Amino acid sequence: MRAGIDMRHITLTLMRDDLPRASLVLAELEAFAPDERPLLESELPEIPGTAFRARMRRAWGHLDRLASVLGELPDTAPDKPRALLSREQLIEIDRWLAEAWQHCSPCEDGLHRLEDEFRDLRHLEQSLNDFADLDVDLSRLQGGKGLLDIRIGSIPADNLDRLSEVLALSQHLILNVSGEGEALRIVIAGTQQTAEILDRVLLAAAYQALTIPESFDDNPDALRAELQTRRSDLEQQCAQWRSRMAGWLKLNGEQLRQAKQLLEAAEPYVHLHGAARSRGSLAALQGWIPGSRLDAVESALQKNLSQPFLLQSRSPRSDEMHLVPVPVKTRGILKPFSLLVQQYGVPRFGEFDPTILFAVTFAGMFGMMFGDVGHGAVIVITGILLRRRLHSFTYLFALAGASAMLFGWLYGSVFGVEHWLHPLWIAPMSDPIYMLTVALGWGVAFLTLGSAIAIVNRLLSGDQAGAFFGPGGVLPLILYFALLGGLVNLAQGNDFPIVATAVIAITLTILIAHQWHSSDAPYGERIMITIIETYEIINGYATSSLSFLRVAAFSLNHVALSLAVFTLADTMDTVGHWIVIVLGNLFVIVLEGFIVAIQTLRLEYYEGFSRYFYGDGKPFKPLRVGRTQTY
Amino acid sequence: VRRFTDQAYVRTRLAIMGTKLLSREEFAKLVAMSLDELSAASRFDTISGESNAARLITFERTLMQTWLDELSALLRPLKGSARRLLTHWASRYEVLNIKALVRGKIGQLPNEEIEKTLFRLPGFLSLNHDQLLNTDNVVELLRQLQKTPYQRLATQALRRYEERPDPFLLDATLDQQFYGELIDRAHHLSGTDRAEILALIGRIVDGHNLVWSLRYRYNYGLQASEVLYLAIDGGRALDRSRLQEMLHADTLAEALGHLPDGVPGHGEMPRQIPLIEATMRNELFAYATRAMRHSPSALTSVLSYLVLRYSGINQLYTIVHARVYGLSDELLHEALDPLHEEAA
């Protein structure tokens, strides 16, 4: 249950020539996370592969740009044994890719130019439509005529307000605005005297003038035909560029694929960074490995490395606990719960891993709030039917649905009908106060368990003050129990016990004293911090306990909603009755099921995790083959 | 109750973090220290590297990371519009990265050199610097940027750059878009938060507009209308018509005569732009210090703290940098406090 507890720190001492091969072997096993601390700096001062890394980066840069022009590059063959990339091969690949880019970049430029021309053409066509009803020769309007300076063009819509304001200040006017979306077409009028100023403002406003052809004074049909011809021309040029690209890819696709495969195989080596160090022909590699994979790693290295090596492993030291990466569960029934835990945080090394507890309590609370055999069965079946889309979340559906079925059996509820099954435990509506008491009891148990885990976690991480005085620590827990005991006594009609009063007074005094001493803020702020922090501890327990009443409230809500559906159905004829029953049940399953899932998650995160889970651990990210990390 | 406790959390956090802000006297003590003492005090001595230059880069990134960690801690209880506003403030450093990339590409610097000037930013600021670095020129860089959340900005910048390849036009576009978005997010806040945060942002924008408008107009010789277009909306005392009055003046001195009453340093503004910049900065910091302690809006206090903290981090870096490279006391004092040096 303690996260990553079998992690080992390893140092692999080997010959420098074997370093690329060793990194590839480790990456293929996906069992090694590099440790870049300069622990070996004094014995092995160099970081190997610096020049290689720079060259790799350049080569990937060329390849990425080629991919942006050519589209998806051919995939590498997964079953082919991976070849190591030598320095000479890398230089050759980099050179070839640079030449390939030189060959392809004019195509990219050409396509961008054509895109711009298409945009201009579109604006021209739209302008033609804008001015279709006016008897104006646009070609005469464009540019300067006498004292008047008129411009027709387009600007980004975001710039219109600012441009209008500034043009007004420089005696220009925007006469007409049309179009919608990101670019607007505008007509600007002003005097020739200020034309130069206008040019500069328009440049700052990313204005683009429309080039209106001489023939714009021609009749509209001839004009449209001319624009259509221009469009066809552009489409033809576009097709030519694309066909040129396709031809190049056909000729060079295989070489491109090989280059990509070699670069991918060299990725683990370049991502070692400072985790690999060397001096002369000797090198060492350090990192973290799950203890259970140690034997597999050693035998794979023995099989693949040509020269001798030494693999040493040790447990993490106390001063490096915060650096140890923790593997997260990525397979099996716990995967969806692990993903939800990771939404909150990654367990610290040695911390209690909440995944199993989360899975059990999530399913339990969901079932208690949504107890119904029929509705639970629908959730299970939906999960199974949608398993291809839901992937690992199918398990979550199955578990939550099964729990709802179990509680449905305990409540005696099938699709909201409470007389088909005899309840094994209790029908919620028969005694709401009892249900609320059970929910509160469950909340107290949940919070106590959370606090106990928090105390253990803090003690394990050496935070003794936190374990005793922090929220959820020993003293706040004693204070909580004393308050709870006193209130239970009061509720039963007795007095608030003197023992409870004494315990509350003592624990509060100690907590206040601790808060006061642990703050080094100025006097006034210290008082504020002490009051707020102590208030937070008491308030936290009180509100969290009451928060669990929702577990009972939703179980009652479920019955009430079903009753509403049946009451409505009873007012209909036979057909209407069954339509309302089916739609009503669907409504309950979808809407209430969704709300209950969110409420359960909320209880887990806010009342559980926030109490005991640090969640600031480092996820174990093993070295992998392929391009999975950035430089 | 939740809102009250969240505000209390933020205030408490700020009270604790506020002790990290160094006073003028504390900075003076740092300046007076020997390199060894300074290294120990600033924890520069814990940073290893192949050379001093490499250590300084790591040091700068460590300081930046500290700032971002503090930002993350302060973001925790904030939700909705307040959270979005602060997240956007952090993207200021992404904008600075884009500017550095553009300048590097214009200057045709090698990628390794450009990279040294970039901030390493956390996950929620997720620009892929590698793809932007691996471009041949500014146009290609901006085309890559069009494939990121900065698409609108890149499209405008590309149009302007293709018409006239002036780096300052790109800088101005980036700033305009950044502050435009920031003010837009501030308008989504409600009540006290909105009024208080706009007052703070307005002062930041005033400083930016004044300094850059004067630079564009009197150093670069741009037309008043063009400068007005490049100004950022949302200033507190310097709106566009006020700026217009100033910028129609023929000289810098004459323009300063038209400064409105609300501008800090009015009547005693220095006549050199770097000193004007320092004056506006000092006034902003004085306002931010008051707002951090007394603003009724916790969000404004947080933003004020972040502004002050970032400035403090910068000053610390400047001192260490100067000492490592053995710069003279005179140069260091001028870099830290140009107004004081000028008076001396």
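Biologist: In this predicted model, which helix gives the most to the lining of the second largest cavity?

Modeller: H17(B) does, with 4 residues. Helix H17 (298-324) and helix H4 (52-75) of chain B each supply at least two residues of that lining. The lining is made up of B:Glu60, B:Leu63, B:Met64, B:Phe119, B:Tyr310, B:Ile313, B:Asn314 and B:Tyr317.

Biologist: What makes B:Tyr317 a lining residue of the second largest cavity?

Modeller: A lining residue must have an atom within 4 Å of a cavity point. B:Tyr317 is listed in the lining of the second largest cavity, and therefore B:Tyr317 meets that cut-off. The space in this cavity is about 60 Å³.

Biologist: How is the lining of the second largest cavity divided by class?

Modeller: It has 6 nonpolar, 1 polar and 1 charged residues. Glu counts as charged, so B:Glu60 is the charged member.

Biologist: How many cavities of 30 Å³ or more does a search of the whole structure find, and how much space lies in the largest cavity?

Modeller: The search finds 8, and about 80 Å³ lies in the largest cavity. Helix H11 (167-187), helix H12 (191-219) and helix H13 (224-230) of chain B are the elements that give two or more residues to its lining. H12(B) contributes the largest share, 5 residues. Among the lining residues are B:Asp175, B:His208, B:Trp212 and B:Tyr216. By class, the lining of this largest cavity comprises 7 nonpolar, 4 polar and 1 charged residues.

Biologist: Turning to chain A, why is A:Ser413 called buried?

Modeller: Buried means under 20% relative accessible area. A:Ser413 has 4%, so A:Ser413 qualifies as buried. The residue lies in the loop between helix H13 (393-411) and helix H14 (432-460) of chain A. Leaving aside its neighbours within four places in sequence, A:Ser413 is in contact with A:Gly371, A:Asp372, A:Val373, A:Gly374, A:Gly408 and A:Glu418.

Biologist: Why does A:Thr361 count as buried?

Modeller: The relative accessibility of A:Thr361 is 6%, which is under 20%, and A:Thr361 therefore counts as buried. A:Thr361 belongs to helix H10 (residues 355-369) of chain A. Apart from neighbours within four places in sequence, A:Thr361 is in contact with A:Trp442, A:Phe446 and A:Glu604.

Biologist: What separation is found between the C-alpha atoms of A:Thr361 and A:Thr600?

Modeller: They are separated by 8.9 Å, while the two residues are 239 residues apart along the chain. For chain A as a whole, of the contacts between residues at least 6 apart in sequence, 79% join residues at least 24 apart.

Biologist: Are A:Cys104 and A:Cys107 buried or exposed?

Modeller: A:Cys104 has a relative accessible area of 0% and is therefore buried. A:Cys107 is also at 0% and is buried.

Biologist: What share of chain A is made up of buried residues?

Modeller: They account for 46% of its 631 residues. The secondary structure of chain A comes to 20 helices and 12 strands. Its accessible surface is about 31300 Å², with 60% belonging to carbon and sulfur atoms.

Conventions:
Residues numbered from 1 in each chain as written. Chains lettered and ligands numbered in written order. Predicted model: local features only at pLDDT ≥ 70, side-chain atom pairs only at ≥ 80, totals over all residues. Heavy atoms only, no water. 1 Å grid on protein atoms, 1.4 Å probe; cavity = no way out; pocket = protein on both sides within 12 Å on 5 of 7 lines; lining within 4 Å. Points joined across faces, edges and corners; volume = space filled by probe spheres on them. Buried < 20%, exposed > 50% of the residue type's maximum accessible area, 1.4 Å probe, protein only. Contact = heavy atoms within 4.5 Å. Areas by Shrake-Rupley, 256 points an atom, 1.4 Å probe, with all protein chains shown as cover.
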